[in-house]
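I opened my notebook to look up one structure, entry by entry. I wanted to write down where things sit and what they touch.

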Amino acid sequence: MSIDVEDYFHVAALSGVIRPEQWGSLPSRVERNTERLLELFDSHDVKSTFFVLGWVADRFPQLIKKLADHGHEIASHGYSHQLIYNQSRETFREETIRSKALLEDIIGREVNGYRAASYSITKESLWALDILSEAGFTWDSSIFPIRHDRYGIPDSPSAPYSIETANGNVLREFPLTTAHVMGMAIPAAGGGYFRQFPYPVFRYLFRNASGFGDRPQMFYLHPWEIDPDQPRYNNASWFSRFRHYTNLDCCYGRLERLLQDFRFGTVSESYNAYEPDKTLLRSNQMIRLA
Ligand SMILES: [Zn+2]
């Protein structure tokens, strides 16, 4: 179980109508929405990994501390929620190091896991893996093995794998869950797909995901996805509104059903209990997979 802790206005689908300079003046809803998820997980005795955006950690350190105190795993979602393939290596390095240190200061513990904004580690930004490793991260969950307009490395492995980075360290990669239907990789990991497909369809895909039963799967959601009362941006494109606003009102109920239908844990616990594929890839070899 993984949650990307960000507010409704951080989302890439709305970046055309909300500028980062406006974020500070918009009504924040991330604290209350994350608290609702925390209560839900606690009541189902589920531990989750929370990938926290540095921007949120700066403003709500007590929330992040509380998540950690309740036994959940804290990982990094970067600082600024900008797409990595649009950033310079220097900017990415600086904000990656800064946001990791910020989280570690708050929880008093090392932070080892990372997830890129909008899964933006693609074949154009594989250099980010080297910087993550340099910064001290030991695992990553940013590579979606699908074809998509904004993210994904199609044909990259759907099972966890290891990547040897430039400094010789190994980074473990936990791809987002996909199911294969008629030879095509269909996202079955959560988020918009969880809201847009009827729940029984999603459950079918998740149950039939590649390697289901043999290894842990990666589910993700955002706090704003359980919040139908968030401010609406009707000036966003039709497609962006479809992606962002579809079925916000039934997402919380679906998540409750999902927690009853499957067993969940933090990313580290789940994968430590599992012997990953021994496939070792160098990050430059990943390019050939794309
Ligand atoms: Zn995000």
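**Entry 1: a charged pair far apart in sequence**

I began with Arg-29, which is partly exposed, with a relative accessible area of 27%. I kept in mind that this is a predicted model. "Partly exposed" is the label because 27% falls between the cut-offs of 20% and 50%.

I then looked up the partner of Arg-29. Its side chain meets that of Asp-227 in a salt bridge, at 2.5 Å from N to O. This pair links distant parts of the chain, 198 residues apart. Arg-29 is in the loop between E1 and H1. Asp-227 is in the loop between strand E10 (220-221) and H8. Is Asp-227 buried or exposed? I found Asp-227 buried, with a relative accessible area of 3%.

How many salt bridges does the structure hold? I noted 11. I reminded myself that side chains of opposite charge can pair when their charged atoms come close.

I looked at Arg-195 and Glu-225 next. Their side chains meet in a salt bridge, 2.6 Å from N to O. Arg-195 lies in helix H6 (residues 191-196), while Glu-225 is in the loop between E10 and H8, so the pair ties together parts that are 30 residues apart in sequence. I found both Arg-195 and Glu-225 buried.

Then I turned to Asp-4. It forms a salt bridge with Arg-115, and the closest N and O atoms are 2.9 Å apart. The two are 111 residues apart, with Asp-4 in strand E1 and Arg-115 in the loop between E4 and H5. Asp-4 is buried, and Arg-115 is buried too.

**Entry 2: the zinc ion**

Which residues are the protein donors of the zinc ion? I listed Glu-6 (OE), His-77 (NE2) and His-81 (NE2).

**Entry 3: the start of the chain**

I went to Met-1, which is in the segment before E1. Is Met-1 buried or exposed? Met-1 counts as buried because its relative accessibility is 3%, under the 20% cut-off.

I looked up the contacts of Met-1 beyond its neighbours within four places in sequence. Among them are Phe-41, Lys-47, Phe-219, Leu-255, Leu-258 and Phe-264. I also took one distance. Met-1 and Leu-53 are 52 residues apart in sequence and 17 Å apart in space, C-alpha to C-alpha.

**Entry 4: nonpolar cores**

Phe-219 had come up as a contact of Met-1, and I followed it. The largest nonpolar core has 71 residues. Which of them touch the most other members? They are Ile-64, Phe-219 and Leu-258.

I then listed contacts of Phe-219, leaving out residues up to four places away in sequence. They include Met-1, Ala-189, Phe-194, Phe-202, Phe-206 and Leu-258.

**Entry 5: two buried loop residues**

I found Phe-144 in the loop between strand E5 (139-140) and strand E6 (161-164). Phe-144 is buried, with a relative accessible area of 0%. Its contacts, not counting residues up to four places away, include Tyr-119, Tyr-151, Leu-176, Pro-187, Ala-189 and Tyr-220. Phe-144 and Thr-122 are 22 residues apart along the chain, and their C-alpha atoms are separated by 8.5 Å.

Ser-125 is in the loop between strand E4 (113-114) and helix H5 (127-134). Ser-125 is buried, with a relative accessible area of 0%. Beyond residues up to four places away, it touches Ile-84, Tyr-85 and Ser-120.

**Entry 6: a surface patch**

I ended on the surface. Trp-238, Phe-239 and Phe-242 make a nonpolar patch of about 340 Å². Trp-238 belongs to helix H8 (residues 238-245). I noted Trp-238 as exposed because its relative accessible area is 57%, over the 50% cut-off.

Definitions and conventions:
Residues are numbered from 1 along each chain as its sequence is written. This is a predicted model: local features need pLDDT of at least 70, side-chain atom pairs count only at pLDDT 80 or more; totals for chains, interfaces and linings use all residues. Side-chain values use heavy atoms; hydrogens and water are left out. Donors are N, O and S atoms within 2.8 Å of the metal (3.2 Å for Na, K and Ca); water is not among the atoms, so sites may look incomplete. Patches are made of residues with over 30% relative accessible area and no salt bridge: like charges are joined within 9 Å, nonpolar side chains (Val, Leu, Ile, Met, Phe, Trp, Tyr) within 5 Å. Accessible areas come from the Shrake-Rupley method with a 1.4 Å probe; for residues, only the protein chains shown count as cover. A salt bridge is a side-chain nitrogen of Lys or Arg within 4 Å of a carboxyl oxygen of Asp or Glu. Helices (H or I, at least four residues) and strands (E, at least two) are DSSP runs, numbered from the N terminus. Buried means under 20% relative accessible area, exposed over 50%, partly exposed in between (1.4 Å probe, protein chains only). Contact means heavy atoms within 4.5 Å. A nonpolar core is a set of buried Ala, Val, Leu, Ile, Met, Phe, Trp, Tyr and Cys residues joined through side-chain atoms within 4.5 Å.
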